[in-house]
Amino acid sequence: MRVFLASTGSGMSKGLRDKTVKICRPRYILETFFNGEKSCLEAMSIVGNDNFLLDSGAFSYMNGAKVTLSQMDSYIDKYIKFIINYKIKHYFEIDVDNIFGLDRVEFWRNKMESAIGYQCIPVWHKGRGVEYWKRMCKKYSYIAIGGLVFHVKKQEYELIRRLVEYAYYCGVKVHGLGFTKTRELKNYKFYSVDSASWVVSATRGQQIHFFKNGYMKTRQLEKKGHKVDLPKLVAHNMIEWTKFQKYMDGVN
C-alpha cells in the first residue's frame, strides 16, 4: 500500500525540508493545486512523476474557500494547462459535488479528460451512491474515496471497507483521500492513501510521531518549560512517516 505524504511544503523552511529529504527521502507525495504550481513542482521533484499525485484542490473549496462558477471555470483551465505542460500522470477530478452539483462535476471531468488525453482519478462521495461506485469501477482503473476527513461517520466505515474490497476484486486501484487511521489501514484493500496528520498534528497540537513495530505512534510533546521548535518537530515527523511509507510498501 502506498502512503502519500500531503502538505510537504508546510511547517518548515525549504532549507530544512531539503535537509530532511536528504536524510530520509519520502517515496510518495500528494500536493494540491490549490497551493500553487510552485508547490506542486517542488513536491514532484522530490519523488518523481510516477510517485506523485496532483490533488485538484476541491477539498479546500468544499471546506470553506469561496468560489463562483466563473472562477471555478478559470481555475480548471489553469489546472488542465498545468497537467498538460508538466505531463502529470496522476490527477484527481474537481469533485465539488456539494457546491455545483454532480452534473457540473461530470461536465468538468469530461472536459479535462478530453483536453488532457487520459483519465483522471474520479472521486466518489457517499452522496453519489453505491451504484455510482460500481459504474466507476467499470470505467476507471484508479478511483478515489473522498469525504473521509469530515463527512464519513464512524458507523459508515464498514461500508467504505466493502466498497474498497469490491473495487479490489474488480482489479481497480482505490485511493483513500485523507485516510489517517494508520492502525486500521491493514483492514482495507486500498492501493494508496494520503495523510497530512504528520504536519498538522505537529504545528497545531505539538504532537510527536514515531514509527514502531508496523504502526505510527503519537504522543503530546513534553515542553518542560521550553518553547517547542515546531519546524524541527515537523521534520522529525516527516522522517518517521517516511519509515512508515517504506513499511507499508510491503502491505497489500
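**View 1. Histidine 175 has serine 192 of β7 as its bridge partner.** This is a predicted model, in which local features need pLDDT of at least 70, side-chain atom pairs count only at pLDDT 80 or more, and totals for chains, interfaces and linings use all residues. Residues are numbered from 1 along each chain as its sequence is written, and side-chain values use heavy atoms, with hydrogens and water left out. Strands β6 (residues 173–176) and β7 (residues 192–195) pair in the parallel sense over two bridges; pairing takes at least two DSSP bridges. Strands are DSSP runs (E, at least two residues), and helices are too (H or I, at least four), numbered from the N terminus.

**View 2. Here's the open sheet of seven strands.** The order goes β3-β2-β1-β7-β6-β5-β4, with parallel pairing. At the edges sit β3 (52–55) and β4 (123–124), each pairing on one side only.

**View 3. Now for strand β2 (residues 29–32).** Ile29 and Glu31 point one way, Leu30 and Thr32 the other, and all are buried (under 20% relative accessible area, 1.4 Å probe, protein chains only). Two bridges join β2 to the parallel strand β1 (residues 2–6), and alanine 6 has leucine 30 as its bridge partner.

**View 4. Helices α4 (residues 69–85) and α6 (residues 102–116) cross at roughly 30°.** Their axes, which are lines fitted to C-alpha atoms over the stretch in contact, with angles from 0 to 180 degrees between N-to-C directions, come within 10 Å. That makes α4 roughly parallel to α6 (angles under 35 degrees). The contact (heavy atoms within 4.5 Å) involves residues including Ile76 of α4 and Trp108 of α6.

Conventions. Angles under 35 degrees count as roughly parallel, over 145 as roughly antiparallel, 65 to 115 as roughly perpendicular and the rest as oblique. Buried means under 20% relative accessible area, exposed over 50%, partly exposed in between (1.4 Å probe, protein chains only).
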